[in-house]
Amino acid sequence: MDKAAAPKTYVKFPFGKGTIRALPLETRHIVSLSMIKHLKRTDFRLDILFGILADRMEESVYAGVVTQLTAGDVDEKDVMRILSSLVDATKKQNTPAPEQNEPAPEPEPVHAAE
Amino acid sequence: MPQSDYASPYANGDVTVYVGDRVLTVSRVAAPWVECVMSPVGPSALLAGLPAHDAGAWVLQDMVTGVVTPRDVSEAAYALLGAVSPFSWWKTARLLALSSRPDICGRLSLERVDPWSLTVAQWVCAVYALITKGLDETARFKINAPLDDPPAGVVDDNWMSDAEFAAMVAQSRNAPGQT
């Protein structure tokens with residue numbers, strides 16, 4: 001199948017009073033997140049965090065989120081809060097739901113000792 | 001395969017490593033290497049924390065945008081570790097990690113071995129000398145075996161050069177019964 005034509009599956013997660021949607025994180029994003037603490041400069045760390053949001057959100061959604069963030073004082077914690085929600089949403093999507101309508105296992109019959 | 005400039009591992013100048021299109025310069029001073037190699041993400045953290053001029057941020061940006069893959073970054077980190085030490089990259093990483101243990105760090109400090117004034121090669125050699133000091137052959141083997149054992153999925157072919165391998169294949173082709 002043409003990779004470009006593959007349907008995009010978004011995940012939704014809470015932000016402010018509503019919800020926003022983004023593509024689930026991939027390994028490269030998770031690895032980058034775990035490596036940013038080694039960057040010495042805060043502004044560079046913030047660049048990477050915003051870079052991940054920009055990569056995973058539609059342009060208009062990203063613009064809206066950035067507008068809301070910049071309306072207040074933006075720091076790493078604000079962006080990390082959103083990314084943590086996205087990490088959780090990604091985990092939920094990747095965790096298979098328990099099978100529905102699966103009959104509970106029959107209890108083993110208990111026999112009295114002879 | 002990422003490359004780095006393979007000068008002598010005992011050189012004390014900066015070392016260059018290539019990740020995608022980026023050319024990164026990394027200091028050989030040992031202390032920051034210990035911190036980075038102890039990261040939960042493993043040796044790849046070297047590429048975020050060590051390059052001069054905060055160039056580690058470029059590497060992460062390239063990874064976020066898919067220009068390089070986590071595997072590219074890992075392989076560059078392994079090449080970097082292999083270039084700055086006389087040991088394999090995994091033995092170097094293990095010796096760096098060992099040096100963060102309080103007992104080993106303490107004994108090195110008592111000997112006035114300073115990670116801020118030594119190169120990575122000198123530091124890992126000092127750690128190795130410390131943990132094998134006074135051991136007989138059997139005890140030394142017990143130390144070497146887990147340090148030398150390649151991680152899962154890594155093939156250690158350094159024991160035979162390409163030329164030696166080609167000669168061995170040629171010889172086996174000429175053996176009786178071969179067509």
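Helix 7 of chain B and helix 8 of chain B are oblique to each other, since their axes cross at roughly 140° and come within 10 Å. In this report, axes are lines fitted to C-alpha atoms, for helices over the stretch in contact, with angles running from 0 to 180 degrees between N-to-C directions; angles under 35 degrees count as roughly parallel, over 145 as roughly antiparallel, 65 to 115 as roughly perpendicular and the rest as oblique. The model is predicted, and for that reason local features need pLDDT of at least 70 and side-chain atom pairs count only at pLDDT 80 or more, whereas totals for chains, interfaces and linings use all residues. Residues are numbered from 1 along each chain as its sequence is written, chains are lettered from A and ligands numbered from 1 in the order in which they are written, and side-chain values use heavy atoms, with hydrogens and water left out.

**Helix pairs**

The helices are DSSP runs of H or I with at least four residues, numbered from the N terminus.

| Helix pair | Crossing angle | Axes | Orientation |
|---|---|---|---|
| Helix 7 and helix 8 of chain B | roughly 140° | within 10 Å | oblique |
| Helix 5 and helix 7 of chain B | about 70° | 9 Å apart | roughly perpendicular |
| Helix 2 of chain A and helix 3 of chain B | roughly 5° | within 10 Å | roughly parallel |

On the side of helix 7 of chain B that faces helix 8, Tyr128(B), Ile131(B) and Thr132(B) are in contact (heavy atoms within 4.5 Å) with Arg140(B), Ile143(B), Asn144(B) and Leu147(B) of helix 8. Tyr128(B) and Ile131(B) also belong to the contact with helix 5 of chain B, where Val120(B), Trp123(B), Val124(B) and Val127(B) join them in meeting Lys91(B), Thr92(B), Leu95(B), Leu96(B) and Leu98(B). By class, this contact of helix 5 with helix 7 has nine nonpolar residues, one polar and one charged, where Ala, Val, Leu, Ile, Met, Phe, Trp, Tyr, Cys and Pro count as nonpolar, Asp, Glu, Lys and Arg as charged, and the others, Gly among them, as polar.

**Between the chains**

Across the interface, 19 residues of chain A are in contact with 20 residues of chain B. The two chains bury about 1600 Å² between them, 70% of it on carbon and sulfur atoms, buried area being the accessible area (1.4 Å probe) that two parts lose on being put together, summed over both. Of the area that chain A buries against chain B, Arg28(A), Met35(A) and His38(A) supply 41%, more than any other three residues. The elements giving two or more residues to this side of chain A are helix 1 (27-35) and helix 2 (42-56), and helix 1 provides the largest share, seven residues. Seven nonpolar, six polar and six charged residues make up the side of chain A that touches chain B.

Helix 2 of chain A meets helix 3 of chain B through residues that include Phe44(A), Ile48(A) and Ile52(A) on one side and Leu60(B) and Val64(B) on the other.

**A contact within chain A**

Ser85(A) lies in helix 4 (residues 76-94) of chain A. Leaving aside residues up to four places away in sequence, Ser85(A) touches Phe13(A) and Pro14(A); Phe13(A) is 72 residues from Ser85(A) in sequence, yet their C-alpha atoms are 6.1 Å apart.
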